[in-house]
Amino acid sequence: MRSHHSYDGTVLAVVHEPRDTHDRSPLVLELCGVTRTDAEAVAARVAHSHRAYDVELHAPKDDPPRHHAPHDTPAGAPRDDTPGGVPDHAPQDDAPQDGAPDDAPQGSAPRDGMSRDGVSRDGVPGPAGGAGRYLLRLSPLSPLSPLSPDGPDGPDGSGTPLTDDLLADLLAPPGAGTVPVRGHQRALLEAAAGQQDGPGRFVEQLHWDWTGPLDLTRFTASWQSLAEREAVLRASFDWAGAPRLVLHERAAVEVVHHGHTGAGWEDLLRSERERGFELYRPPLLRVALIEGPPRASRAGGAGQARTASRTDAGTGAGAGGGLGSARLLVTYHRALLDERGARLLVRQFYRSYLAGGVLPGADRRPDIRDHAHWLARQDDAAARQFWTAAAPPADAATSPGRPADPPRPTDQLSPPHPTDPLRPRPADLPSSADPPRPADVPAPTDPLSSAAPTDPPRPADPSHLADPSSPADQIRPPRPADVPAPADPSSPADQLHPPRPADPPGPVGETGGAGGRTDGAGRPGGRTDGAGRPVGGTGRIRRRLGSVQSARLRSWAGVRGAGESSALHLVWALLLYRAAKAGGPLPVAFGVDLSGRDMGLRGAAGVPGLLGGPLPVTLTVEEAAPLTDLLVRARDAALDLTAYAWVCGDQVRRWSGRTSRSPLTETAVRFETHPGLPADLRLELAAQGITAGAPQSAGGAGVLPLTLVAHHDGEDALVLDVLYDRARFTGTDAAEILAHCLHLLRSLPGRVHERFTVADALALLGTAQVPAVTPPPPAGPPPSEVPGAPVVLRAGRAGADLVCLVTVPGVTPGAYDLFLRAHRGPERIVSLTLADAQAPPAALADLPAGTGRLTVCGVGPAGPVAHGIARRTARRTGRTPAVVMTGLGSAPETARALARALSAVRTRST
């Protein structure tokens, strides 16, 4: 039996007084604004995960303390046999709790001025009643137990036993199971939580067509049933301490039904991306259903949009299908799911729909919990030894372009140059809004294929080895099959639906991507600087290698014992080498994205989630060497990585002696294989009159400045997307990089003799100019070494206590503002903003004279920083400050948690 916990928005707060002691005295923390059930769930979770302590919970009014033995399995904590699992027993009903009238800040709005969600009518958060305060006492069981795994001085050099793992267990939602976040997922979470490029940066999308009857009630119930079977759809993130995946008991999948409307398809894609996700709130996936052409049986009027969930599944068309055709859009967060994982969920959705909206069985295993357990068992000794030697050297070439000249007036794609065959051409490929194609099948010799072992291979096609109508050293004109048909005047471009198969592509085939924008012609648009260069966001350009040329490339690589991905890595290494203008042997380095699904975990190929990530490949390029040798070395280097797909870039940097701010690569290559619908599902759908198109990707962004993404379309043609950082590349330069890549991919299959060298391959690009790239800003001192200056937010009364609000990347936006609006106390309030989650040694070194007690507050990831500042202050001044740390949630809930905790501090001081 599992706990019946689901996300309710509650934010926990902890008050602690870090004293300047190094003995083994108990660690005492006060839990503020929690019910007895929640307090016991937190205590049980801490006792289960931190067995070096005897955990004792003291209830209010001197109730007898309750002990929690380390071997007890708490509600919401993983059992030993199901690591990271969801709770196995339900908590008892909440016992009545004493109110806490002193929790309300002085002068706060009265109770009758609050709305049902605890927010005053003017939007200011107010106090929440019905909860009490509990003391959690952690006593070391052995005087020899270490303070923390980071050494005798703790992770912040302050000698504290309050580690990030302990803080994560204190502040995570009570009653929910958690699993650690590791590897590439951790890097994505840290980047996404900081929201440096807006909430849509790491949001990705799949869309496809549905033709045939569609029952909206059954459709919505199918997604909800899927969420009840797939832990990843009930997961959210917590990064208050050590990053965790929080596994909730329930989560309602948002399904929005858009009626027939004149809104643009690109506008809908962009608005869904820019909505982003609240990473602390599950699920991190939502669905939109857009009606197709109206038919007589369609229910609902034009222009309507309605949201369906498990609780209102009756909304929409009744049984028998009210829609004849529709466009489906799934939006999800990349930190939780990769594209293959999202496609696996779509497959399971179809099974649920065919079963009447209810997916039979319990949780499908293995899942992300089992993956986390598998990661925890890995011995990194072999990986450490491998990466110590295989990490890119400091002098490796990593950029695909030369340093940029001063910014150009615009960031538009230039028209084809009459004498330069390598300039990007509009007919290379339709834009990314092309309709979905049939399911793709992976190539057999691709060592980086993320397909499951059971996926059928793609047979080689030797009949396409030669194309007499297209010399290998030229960019051939597009074949008739590659050129879209003329425009369909019956489908205007401003309609909500993407272009039909007959619609022509935009002249440049570029979309704005996550955080980016395009104009009506597909050219880059949006925010620019004074010179017209777009600032921030991700651009996306798509091109296509024809099906005949793709077959020739596969055959050329296959004869040499390699796959298409190895040929793509070879070409990318050539472009990096050419941009460096070395003139001699030079190592080049780029990232190779691994799915992580070929690990030793049984059934990993079918696990939806984010299991892998990019790892650096280093190849030494020498112009006199045979090109075939470089191809084979690219294949072998990629195969060597597959054993360490669970390793992340931070580990590689640490093992190779690189600093955390030293980039390993600037670009990455990702070769995707898309699992299609099994034949039995297609037959069952056809039996019900349903035709489902193959999902197609839209949007997306990478952590690196430029990512090359490759996949096959329904005609076995190789499709290439370049995702680029608009702050580093113009659209013109990104398109030129892609054009050079395509030119080499077209040309190399015509060079079959073994004496063909790297220099010969580079000569195929002729005198084409190396594209430009804006260098990154020069690295300054680490942010943690730059002391922050406190900013006075409220002067307070003379001699009043001092409250410092600490802000780091990942703090809930608006939480401190709402707290300040509601606070009526006499305290002097200052703000300290830091560039990273490390406390500068000199923070708050110059405290104003004549102030009262210091309280340092940190929301989410600022909690450990606030604790480090408070502890150093105690050591330096001999006075004991208080530290307030809260969990993660909405701005109103977080502001309320701060108010409750500061009220507890005020009560202690009186």
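Q: Which does Lys581 count as, buried or exposed?
A: This is a predicted model, where local features need pLDDT of at least 70 and side-chain atom pairs count only at pLDDT 80 or more, while totals for chains, interfaces and linings use all residues. Residues are numbered from 1 along each chain as its sequence is written, and side-chain values use heavy atoms, leaving out hydrogens and water. Lys581 sits in the loop between α10 (564-580) and β19; helices (H or I, at least four residues) and strands (E, at least two) are DSSP runs numbered from the N terminus. Buried means under 20% relative accessible area, exposed over 50% and partly exposed in between, with a 1.4 Å probe and protein chains only, so at 63% Lys581 counts as exposed.

Q: What value is the phi of Lys581 near?
A: Most residues other than glycine have a negative phi. Lys581 is a residue other than glycine, yet its phi is positive, near 50°.

Q: Phi of Asp716 is also a positive value; what is the relative accessible area of Asp716?
A: Look for Asp716 in the loop between β24 (706-712) and β25 (718-725). Its phi is near 65°. Asp716 is partly exposed, because its relative accessible area is 25%.

Q: Which residue does a cis peptide bond join to Arg365?
A: Most peptide bonds are trans. Here the bond is cis, with omega about 0°.

Q: What is the omega of the cis peptide bond between Pro282 and Pro283?
A: Pro283 belongs to the loop between α5 (265-275) and β11 (285-291). The bond from Pro282 to Pro283 is cis, and its omega is about -5°.

Q: With the side chain of which residue does the side chain of Arg597 make a polar contact at 2.6 Å?
A: Arg597 is found in the loop between β19 (586-594) and β20, and it counts as buried because its relative accessible area is 5%. A polar contact is a pair of N or O atoms within 3.5 Å; within protein, one must be able to donate a hydrogen and the other to accept it, and residues adjacent in sequence count only if both atoms are side-chain atoms. A polar atom of the Arg597 side chain lies 2.9 Å from the backbone oxygen of Val607. The side-chain partner at 2.6 Å is Asp338.

Q: Which strand pairs with β31 in the parallel sense?
A: Two strands pair if DSSP finds at least two bridges between them. Strand β1 (residues 13-16) runs antiparallel to β31, with four bridges, and His16 stands opposite Val883. In the parallel pairing there are five bridges, and Gly858 has Met885 as its partner. That parallel strand is β30.

Q: How many residues of β31 are buried?
A: In a regular strand the side chains alternate between the two faces of the sheet. In β31, Ala882, Val884 and Thr886 point one way, while Val883 and Met885 point the other way. Of the five residues in this strand (882-886), the number buried is five.

Q: Which element gives the largest share of the lining of the largest cavity?
A: A cavity is a set of points on a 1 Å grid over the protein atoms alone where a 1.4 Å probe fits but cannot get out, and lining residues have an atom within 4 Å of a point. Of the 20 residues that line the largest cavity, those closest to its centre are Arg182, Gln185, His371, Leu375 and Leu610. Elements that give two or more residues to this lining include α3 (183-194) and β20 (613-621). The largest share, four residues, comes from α7.

Note on methods. 1 Å grid on protein atoms, 1.4 Å probe; cavity = no way out; pocket = protein on both sides within 12 Å on 5 of 7 lines; lining within 4 Å.
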